[in-house]
Amino acid sequence: VACMTKHFPGGGPQKDGEDPHFSYGKEQVYPGDDFEYHLIPFEAALKAGTAQIIPYYGMPVGLAIEEVGFGFNKDVITGLLRERYGFDGVVCTDWTLLKPIEAMGAVVIEAKCWGVEDMSVAERARKAIETGVDQFGGEASPEVIVDLVRSGLIHETRIDESVRRLLRDKFRLGLFDDPYVDLDAAERVVGNNVFRRVGEIAQRKSIVLLKNSKTPSGNFLPLQGRPRIYTWNLDPGVAGRYGRVVERVEDADVAILRLSAPFDPREGFLERHFHSGDLDFKDKEKAAILDVLDRVPTIVDIYLERPAVIPEIAERSAGLLADFGACDAAVLDVVFGRFKPSGKLPFEMPSSMDAVRRQKEDVPYDSEDPLFPFGHGLTY
């Protein structure tokens, strides 16, 4: 395996938390003057010998470097990555820097050429290559590169540098010695029981117990026996292995709700697949959740693909968990004490959207009075 590490030099500090896949999210800002902080994981990856690096789409603003997307940014690719860190591996751009993706004559995905929007495709390609890029991700425009060389705008020796880096990885992987997959070995390796078991354990270890209410007889969790369970977004067949599933809240001893972090739905072919915008549940959805919490002792598990603002849910739940991608059985194993929770929050859970808006985009752990701090996690 040749590891490709992304997105250099960090993709977190986007203005207003927007995504640079889209033009309104192209600006990457550093109001806390914390650019260096975002390099820490890349330093570890480089030390470990990562083979390839992908620069991010973002366009840095307010720094003493050129304000163009990182894939076009010589200060970052040559000055920082190549010279300061001595990286001589492959630099592959993120996808569609040169050309938009079109269908039936209409642009469905815009080119991510932030800061160089007015350049032609050939000018963008030349700038990226001169920046230190070796490969254009997700694009095949060899005629553009050939024309640049034939016109003398890029010397062939510069192309040779990139070809040499790309071929070197293929040789290291042995792709020229034995390019064919051993189908029998693949069947034995992929998805084997040992790997699946390790994956199942990883799911359970990652679950974070955020809250465990006190009761006259002790902590509410873990649940005991086989209670009557009212569920949301839980497979009844799986839940039935832990208790008796009921259809009405009023018939339940406990409710177990699986939620996902909120987001604002957006229009657009690509945008609808990204979860952006506010982090709090809005009135109608929040009211439906709180209605259950107010009628029966409720355990909430929330999938944190992004942080969430859930102060009312946290206050009124009997137990609160967070997961980062876990099956129903993994969550229920923790709820019923078959697996002790050990996960820790990898980010803060803010207390309000106002606190989120007052944060500095490049600074960690700086929201005012967080609901749950970075590293929070309880156990039994």
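1. Contact here means heavy atoms within 4.5 Å. By that criterion, in this predicted model, helix α9 (residues 283-295) lies across β11 (228-232), β13 and β14. The direction of α9 is at about 160° to β13.

2. A further helix, α11 (residues 328-335), also packs on the sheet. Helix α11 touches β13, β14 and β15 (319-323), and its direction makes about 135° with that of β13.

3. The sheet itself is open and has 6 strands, in the order β8-β15-β14-β13-β11-β12. Its pairing is mixed. At the edges stand β8 (208-212) and β12 (244-246); each has a single partner strand, so one side of each is left without a neighbour in the sheet. From one strand to the next, the twist averages 25°.

4. Within the sheet, β13 (residues 254-260) pairs with β14 (residues 298-303) in the parallel sense, over 6 bridges. At residue level, L259 has I302 in β14 as its bridge partner.

5. Turning to the surface, a nonpolar patch is formed by V189, V190, V194, F195 and V198. Together these residues have about 490 Å² of accessible area. Helix α7 (residues 193-206) gives the most to this patch, with 3 residues.

6. F195, a member of the patch, is found in helix α7. Is F195 exposed or partly exposed? The relative accessibility of F195 is 48%, so F195 counts as partly exposed; the exposed class requires over 50%.

Conventions
Residues are numbered from 1 along each chain as its sequence is written. This is a predicted model: local features need pLDDT of at least 70, side-chain atom pairs count only at pLDDT 80 or more; totals for chains, interfaces and linings use all residues. Side-chain values use heavy atoms; hydrogens and water are left out. Two strands pair if DSSP finds at least two bridges between them. Helices (H or I, at least four residues) and strands (E, at least two) are DSSP runs, numbered from the N terminus. Axes are lines fitted to C-alpha atoms, for helices over the stretch in contact, and angles run from 0 to 180 degrees between N-to-C directions. Patches are made of residues with over 30% relative accessible area and no salt bridge: like charges are joined within 9 Å, nonpolar side chains (Val, Leu, Ile, Met, Phe, Trp, Tyr) within 5 Å. Accessible areas come from the Shrake-Rupley method with a 1.4 Å probe; for residues, only the protein chains shown count as cover. A salt bridge is a side-chain nitrogen of Lys or Arg within 4 Å of a carboxyl oxygen of Asp or Glu. Buried means under 20% relative accessible area, exposed over 50%, partly exposed in between (1.4 Å probe, protein chains only).
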